[in-house]
Amino acid sequence: GSVSGGDSSSPIQPEVRALDSINPRDPGIQKAQAGGITTVNVMPGSGHLLSGQTIYMKLRDVDTVEELAVRNQDGSIAGGIKMANGTNPQKKTPFPGTRGKAAALVRMQFHRARDYRRRIEAAAGDPAEMPDRSLAMEALLEAMDGKRMVHHHTHRQDDILTVLRLQREFGFRVVLHHVSEGWMVADEIAAAKAPCSVIVIDSPGGKLEAARLSLETGAILDRAGVLVGFHTDDGITDSRLFLRSAAISVRAGMDRQKALQAVTIANARMLDLQERVGTLQVGKDADFVLLSGDPFSVYTRVLQTWVDGAKVFDLADPRDKLLAAGGYGASSDQSLSMCCYGQLGGGK
């Protein structure tokens with residue numbers, strides 16, 4: 001959806017909504033369908049301590065973000081809060097330059113949210129005494145009240161423990177994302193009852209924070225009692241290769257059934273959507289995928305993807321096959337258009 005959230009004005013921007021930056025015609029949505037993905041958590045980037053409100057979407061073939069959005073029981077659009085620590089948010093002022101300063105800034109914002117709540121309670125409904133409305137503080141209070149899951153980018157073991165320290169202090173619910181060094185602190189994560197959405201990267205390069213990433217992370221966390229899921233982080237790990245993360249983890253020792261759950265019901269629980277998606281049961285949404293073989297075989301292909309009982313991807317369709325198998329640019333359905341583009345040799 002070409003999502004973009006907070007800008008350079010502040011490291012913490014809870015008032016920003018991914019909802020307002022989603023392009024429902026972005027071909028990345030069809031790429032995800034080609035990978036057998038039916039439901040997504042779309043998040044602004046990790047270059048902020050808090051980059052905004054995420055949005056949960058069903059990958060339907062529709063024209064507006066409102067039609068893609070998953071709704072809460074009260075009709076509001078479902079989503080969480082995206083936070084990050086480590087090196088990604090470390091920049092020049094007003095961003096933090098150290099890990100200690102990063103945690104201090106987050107702590108200060110949550111204390112401001114507590115003060116905002118106290119002023120509202122003290123006003124006792126008197127409009128004259130109410131504080132000025134703050135969309136940012138409202139979003140933080142939703143996180144502290146458990147209405148919004150905190151989805152937290154974190155890699156190093158010390159950064160993971162900092163997230164858990166803040167979670168204990170302010171009581172928000174959290175899903176730990178990436179956890180490259182999560183295998184080092186598996187018992188601490190399990191004790192905190194924090195689910196982990198693991199990224200599996202099997203190629204060299206990347207950031208120093210991920211230098212000690214282990215393909216055994218899923219297995220180690222699962223054995224410790226942690227709820228484990230996998231995510232794509234498209235295009236760092238291609239959404240068309242979603243099942244491959246689970247397959248690699250099985251090869252590295254993860255229980256096969258738990259790996260299957262990690263791409264289905266475990267992820268649904270991390271989005272509070274387990275009553276709607278994640279398993280094939282009467283009363284749940286008719287979301288399912290047809291595969292050509294074993295889900296953990298590199299030879300297996302996604303044949304069809306269905307969302308809400310409607311087919312949204314079919315490998316037999318040449319257009320869908322291009323999205324599923326094409327290389328760089330295959331998912332681009334737009335070309336540059338300007339008055340003199342052809343004269344520059346770029347096209348006609």
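## Largest cavity

The largest cavity has a volume of about 30 Å³. The model is predicted, and a search of the whole structure finds one cavity of 30 Å³ or more. Its lining consists of Ile 12, Leu 50, Met 83, Val 106, Gln 109, Phe 110 and Leu 140. Helix α3 supplies the largest share of that lining, three residues.

By class, the residues around the largest cavity are six nonpolar and one polar, with no charged residues.

## Packing of α3 and α4

Two packed helices are described by the angle between their axes and the distance between the axes. For α3 and α4, the axes come within 9 Å and cross at roughly 95°. Angles of 65 to 115 degrees count as roughly perpendicular, and α3 and α4 are therefore roughly perpendicular to each other.

On the α3 side, the contact is formed by Gln 109, Phe 110, Arg 112, Ala 113, Arg 114, Tyr 116 and Arg 117. On the α4 side, the contributing residues are Met 137, Glu 138, Leu 140, Leu 141 and Met 144. Sorted by class, this contact of α3 with α4 has seven nonpolar, one polar and four charged residues. Gln 109 and Phe 110 of α3 and Leu 140 of α4 take part in this contact, and these residues also line the largest cavity.

## Packing of α3 and α5

Helix α3, residues 99-123, also packs with helix α5, residues 157-170. The angle here is about 15°, and the axes are 11 Å apart. Because angles under 35 degrees count as roughly parallel, α3 is roughly parallel to α5. The crossing in which α3 passes α5 is right-handed.

From α3, the contact involves Arg 99, Ala 103, Val 106, Arg 107, Phe 110, His 111 and Arg 114. From α5, it involves Asp 158, Asp 159, Thr 162, Leu 166, Glu 169 and Phe 170. The classes represented in the contact of α3 with α5 are five nonpolar, two polar and six charged residues. Phe 110 and Arg 114 of α3 belong to the contact with α5 and also to the contact with α4. Val 106, listed in the α5 contact, is also among the residues lining the largest cavity.

## Second largest pocket

The second largest pocket has a volume of about 840 Å³. It is lined by 33 residues, and the closest to its centre are Asn 72, Ser 76, Ile 77, Lys 147 and Arg 148. The elements giving two or more residues to this lining are β3 (55-58) and α4 (135-144). Of these, α4 gives the most, with five residues.

The lining of the second largest pocket has twelve nonpolar, seven polar and 14 charged residues by class.

## Backbone features in loops

The peptide bond from Thr 93 to Pro 94 is cis, and its omega is near 15°. Pro 94 sits in the loop between β4 (81-84) and α3.

Asp 272 is not a glycine, yet it has a positive phi of about 60°. This residue lies in the loop between α10 (265-270) and β9 (288-291).

How values were computed. Residues numbered from 1 in each chain as written. Predicted model: local features only at pLDDT ≥ 70, side-chain atom pairs only at ≥ 80, totals over all residues. Heavy atoms only, no water. Axes fitted to C-alpha atoms, helices over the stretch in contact; angles between N-to-C directions. Helix = DSSP H or I, 4+ residues; strand = E, 2+ residues; numbered from the N terminus. Parallel < 35°, antiparallel > 145°, perpendicular 65-115°, else oblique. Left-handed = near helix turned anticlockwise from the far one by under 90°. Contact = heavy atoms within 4.5 Å. Nonpolar A, V, L, I, M, F, W, Y, C, P; charged D, E, K, R; others polar. 1 Å grid on protein atoms, 1.4 Å probe; cavity = no way out; pocket = protein on both sides within 12 Å on 5 of 7 lines; lining within 4 Å. Points joined across faces, edges and corners; volume = space filled by probe spheres on them.
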